[in-house]
Amino acid sequence: MYSIAIDGPAGAGKSTIAKTIAKKLGFVYVDTGAMYRAIALYFLRKGVDGKDKEKIAELCPDIQVTIEYIDGEQQVFLNGENVSHLIRTEEVGTMASLTAAQPAVREALLQLQRDMAKNADILMDGRDIGTNVLPNADLKIYLTASVTVRAKRRFDELKAKGVECVLAEIEQDIEERDHQDMTREIAPLKQAEDAVLVDSSDMTIEEVADAVIGAFYRVKEEAAK
Ligand code: CDP
């Protein structure tokens, strides 16, 4: 079994790249952000304050997140309900970033994520995959891009979906999310020591995918020696 970990900040293009690579290599793609988003949706629906540590810890045992693949696409279920189409909003993303800082939330997902890597070749993306979830991954990538480029990508993505948005606000949101994800106490976003840094600011999706696949083949060749 092989595993590839891709970590990086919001809007770096992780999921697009990861999907492309997983398809090319025949790996299962695991989007861990979707799991944090599903939990965030639960708390939003309950009207819980994303910083209320006690309340969040108390409610975590009531939450079950499961993953299924339908036509090769990851679907995330929250207590049996397929919420995949409800979790891609900025509101859920912001709440996910807040609640992902809570130990109870991270504990609830850690084992599920590790178990997924046991039975298949997987490519997992998130914030702490190389540093925490899969410390022995065969290849670790830290994918980033400048704040300006990431904000513009997010803006274009939302526009394409017909969502009204303001570029400056998205840029501010990304900066806040970076700060939140990088400075939290538990499993903060940071480049693993043995991760390959890829700055996608001036690269196309194909170029990034080729760079990662090239790195993976080099790892595989090394291992075969
Ligand atoms: O799509 P985007 O990069 O904006 O975010 P995402 O990957 O869907 O993740 C949403 C939030 O979940 C992030 O801001 C992180 O705070 C959190 N997350 C995490 O803490 N650990 C992970 N492995 C994945 C996501």
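D71 is found in the loop between β3 and β4. The structure described here is a predicted model. At 78% relative accessibility, D71 counts as exposed, because the threshold for that class is over 50%. The phi angle of D71 is near 50°, a positive value in a residue other than glycine. A further residue with a positive phi is N79, which is also not a glycine and whose angle is near 45°. N79 belongs to the loop between β4 and β5, and its relative accessibility of 42% places it in the partly exposed class.

## The antiparallel sheet

Three strands form an open sheet in the order β3-β4-β5, with antiparallel pairing. Strands β3 and β5 (81–82) lie at the edges, each pairing on one side only. Between β4 and β5, which run antiparallel, there are 2 bridges. Within this pairing, L78 stands opposite E81 of β5. Helix α2 packs on the sheet and touches β3, β4 and β5, and its direction makes about 30° with that of β4.

Q75 is a residue of strand β4. Its relative accessibility is 17%, so Q75 counts as buried. The side chain of Q75 makes a polar contact with the side chain of N82, at 3.0 Å. Not counting residues up to four places away in sequence, Q75 touches T66, I67, E68, I70, N82 and S84.

## The nonpolar cores

The largest nonpolar core has 36 residues, and those with the most contacts inside it are F43, V65, V76, M124 and L134. Several elements each supply at least two residues of this core, among them α2 (32–46), β3 (65–70), β4 (73–78), α5 (103–116) and β6 (122–126). The greatest contribution comes from α2, with 9 residues.

Which residues does V76 touch, not counting those up to four places away in sequence? The list comprises A34, M35, A38, V65, T66, I67, E81, N82, V83, S84 and I87. A second, separate core of 21 residues includes I6, L25, I141 and V208.

## The enclosed strand β1

Strand β1 (residues 3–7) is largely enclosed by the rest of the structure, because 5 of its 5 residues are buried. In a regular strand the side chains alternate between the two faces of the sheet. In β1, S3, A5 and D7 point one way, while I4 and I6 point the other way, and all are buried.

Strands of a sheet pair through backbone hydrogen bonds, either parallel or antiparallel. Strand β1 runs parallel to β6, and 5 bridges join the two. The bridge partner of I4 in β6 is L123. Strand β1 also runs parallel to β7 (residues 139–144), to which 4 bridges join it. In this pairing, D7 stands opposite Y142 of β7.

Q102 lies in the loop between α4 and α5. With a relative accessibility of 9%, Q102 counts as buried. Leaving aside its neighbours within four places in sequence, Q102 is in contact with G50, K51, K53 and I56.

P103 is found in helix α5. Is P103 buried or partly exposed? At 28% relative accessibility, P103 counts as partly exposed. Beyond its neighbours within four places in sequence, P103 is in contact with K53 and I186. The C-alpha atoms of P103 and A57 are separated by 8.0 Å, although the two residues are 46 residues apart along the chain.

## The surroundings of the ligand

The ligand is surrounded by 20 residues, of which the closest are R37, R106, R177, D181 and R184.

| Residue | Distance to a ligand oxygen atom |
|---|---|
| K14 | 3.5 Å |
| R154 | 3.0 Å |
| D181 | 2.7 Å |

How values were computed:
Residues are numbered from 1 along each chain as its sequence is written. This is a predicted model: local features need pLDDT of at least 70, side-chain atom pairs count only at pLDDT 80 or more; totals for chains, interfaces and linings use all residues. Side-chain values use heavy atoms; hydrogens and water are left out. A nonpolar core is a set of buried Ala, Val, Leu, Ile, Met, Phe, Trp, Tyr and Cys residues joined through side-chain atoms within 4.5 Å. Buried means under 20% relative accessible area, exposed over 50%, partly exposed in between (1.4 Å probe, protein chains only). Contact means heavy atoms within 4.5 Å. Two strands pair if DSSP finds at least two bridges between them. Axes are lines fitted to C-alpha atoms, for helices over the stretch in contact, and angles run from 0 to 180 degrees between N-to-C directions. A polar contact is a pair of N or O atoms within 3.5 Å; within protein, one must be able to donate a hydrogen and the other to accept it, and residues adjacent in sequence count only if both atoms are side-chain atoms. A residue is near a molecule or strand if one of its heavy atoms lies within 4 Å of it.
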